[in-house]
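Open the model in your viewer and keep the selection tool ready. This tour goes stop by stop.

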Amino acid sequence: MSSGQTTFFRPLLQLGLIPQIMLGIIAGVALALLSPETAKSFSLLGQLFISALKAVAPILVFVLVAAAIAAHEKGQPTHIRGVLVLYVVGTLIAALVAVVASFLFPTELTLDLPEVTGEPPGSITEILRDLLLSMVANPVTALMEGNFIAILAWAVGLGFMLRQASDATSKVLKDLSDAVSDIVHIVIRFAPLGILGLVANTLAETGVGALLEYGQLLGVIVGCMLFVALVTNPLIVFLKTRQNPFPLVFACLRGSAVTAFFTRSSAANIPVNMELCEQLELDPDTYSISIPLGATINMAGAAITISVITLAAANTLGIPVDFATAMLLCVVSALAACGVSGVAGGSLLLIPLATSLFGISTEVAMQVVAIGFVISVVQDSTETALNSSTDVLFTAAACRAAEQKEG
């Protein structure tokens, strides 16, 4: 690269990662508006970025968790229990917010879409059973398929077995962990280019026309997610830490939600969240487990999606919903959301399970699911952004609350 080119790019390279990502978003939007065909050709950048994140995430989680547990000193506290409590409380509150919003802004749908393929689970028991069975999957298969429940189980087991390992073995494990982390840092540095490609391709292919017909439904879903991200989650963090939650909330939204919105994958965002936790100086023994676990079970956004679309279906069919049934829906949505990773198609294919509470047939429910796929460009992106950023937020809240108690 010539000295003139180096001088031109130096101010850009000196910017932080988040400003670079914002510039990538702006460039992607401009490219999609000015030349949609050219924008589609940039999709390769986005595909490469997501593929790289998904490829490195399973190895990162496996090595980092095993190394952290192997190096953990007996008697040194971790804060996993506090994080898990926050995950459960946050998901239940998100479902409650969705139910209240659906009563305040009732939505009706036009059910004339073709049916979608996919086999929805029959019950919560089936979802939880599949989730438990995934824990004992073959470790090689788990790494290949990104089964993070199994990866966590095997990494925890290996870490405990290696606690008595020789110093040389522990050093090798630590060096391997550091090397994988360095690879992650390199991948994340390409986030601005990856997001440029994702934004340009998404806008060029979908536009916004298909979303207008279901604008109210999408507005309720996104509104609930914003309310959870900016109101209920900060309140939970305040009650946990007794400190102003918003610096931490905005740090998590900037550092995690932005990339998660465009990658639309909690698994792909695990390396991003790990790096953010490191920047926030959180306890590695805690976040090395809570972040991949949160990507699997902490699904406030999914609980919102399931609740809002289910109640929209009930409104469309004229089915009255009393308070007791609405509360039951909150619990079912929260439990189902925790099992999203075990269901192909994610939160949308869990909707028939929730609609069965109101006696809605599977045929009608799958038509509702089809509407979910129409709005999924925005719905799924916002859902992933909320889920992923909340993983870091609640991990940080639990760690800081524990530090205050210890101090």
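**Before you start**

This is a predicted model, where local features need pLDDT of at least 70, side-chain atom pairs count only at pLDDT 80 or more, and totals for chains, interfaces and linings use all residues. Residues are numbered from 1 along each chain as its sequence is written, and side-chain values use heavy atoms, with hydrogens and water left out.

**Stop 1: helix H9**

Select residues 167-189, helix H9. Helices here are DSSP runs (H or I, at least four residues), numbered from the N terminus. Show the side chains of Lys171 and Asp175. They form a salt bridge, with the closest N and O atoms 2.9 Å apart. The term means a side-chain nitrogen of Lys or Arg within 4 Å of a carboxyl oxygen of Asp or Glu. Lys171 and Asp175 are 4 residues apart in H9, so about one helical turn separates them. Lys171 is partly exposed at 47% relative accessible area, and Asp175 is partly exposed at 36%. The cut-offs: buried is under 20% relative accessible area, exposed is over 50%, and partly exposed is in between (1.4 Å probe, protein chains only).

Lys174 has a relative accessible area of 46%; Asp178 has 33%.

**Stop 2: Arg264 and its partner**

Which residue forms a salt bridge with Arg264? Select Asp380: the closest N and O atoms are 3.4 Å apart. Asp380 sits in helix H20 (residues 376-406) and Arg264 in the loop between H13 and H14, so the pair ties together parts that are 116 residues apart in sequence. Asp380 is partly exposed at 21%, and Arg264 is partly exposed at 33%. Check the backbone of Arg264 too. Its phi is positive, about 55°, although Arg264 is not a glycine. The count of salt bridges comes to 4.

**Stop 3: Glu281**

Go to the loop between H14 and helix H15 (284-297) and pick Glu281. Phi of Glu281 is also positive, near 60°, in a residue other than glycine. Glu281 counts as exposed, at 68% relative accessibility.

**Stop 4: a nonpolar surface patch**

Select Leu226, Phe227, Leu230, Val231, Phe246 and Phe250. Together they form a nonpolar patch with about 500 Å² of accessible area. Patch residues have over 30% relative accessible area and no salt bridge; nonpolar side chains (Val, Leu, Ile, Met, Phe, Trp, Tyr) are joined within 5 Å. Areas come from the Shrake-Rupley method with a 1.4 Å probe, and only the protein chains shown count as cover. Helix H12 (215-241) and helix H13 (246-263) each supply at least two residues. H12 gives the largest share, 4 residues.

**Stop 5: H16 against H17**

Show residues 300-316 (H16) and 323-338 (H17). They pack at about 135°, with axes 8 Å apart. That makes H16 oblique to H17.

**Stop 6: two long-range contacts**

Select Ala191 and Ile21. They are 170 residues apart in sequence and 6.6 Å apart in space, C-alpha to C-alpha. Ala191 lies in helix H10 (residues 191-206) and is buried at 1%.

Finish on Leu353 and Ile306: 47 residues apart in sequence, 9.3 Å apart in space, C-alpha to C-alpha. Leu353 is in helix H18 (residues 351-355) and is buried at 8%.

Terms used. Patch = residues over 30% accessible without salt bridge, like charges linked within 9 Å, V, L, I, M, F, W, Y side chains within 5 Å. Axes fitted to C-alpha atoms, helices over the stretch in contact; angles between N-to-C directions. Parallel < 35°, antiparallel > 145°, perpendicular 65-115°, else oblique.
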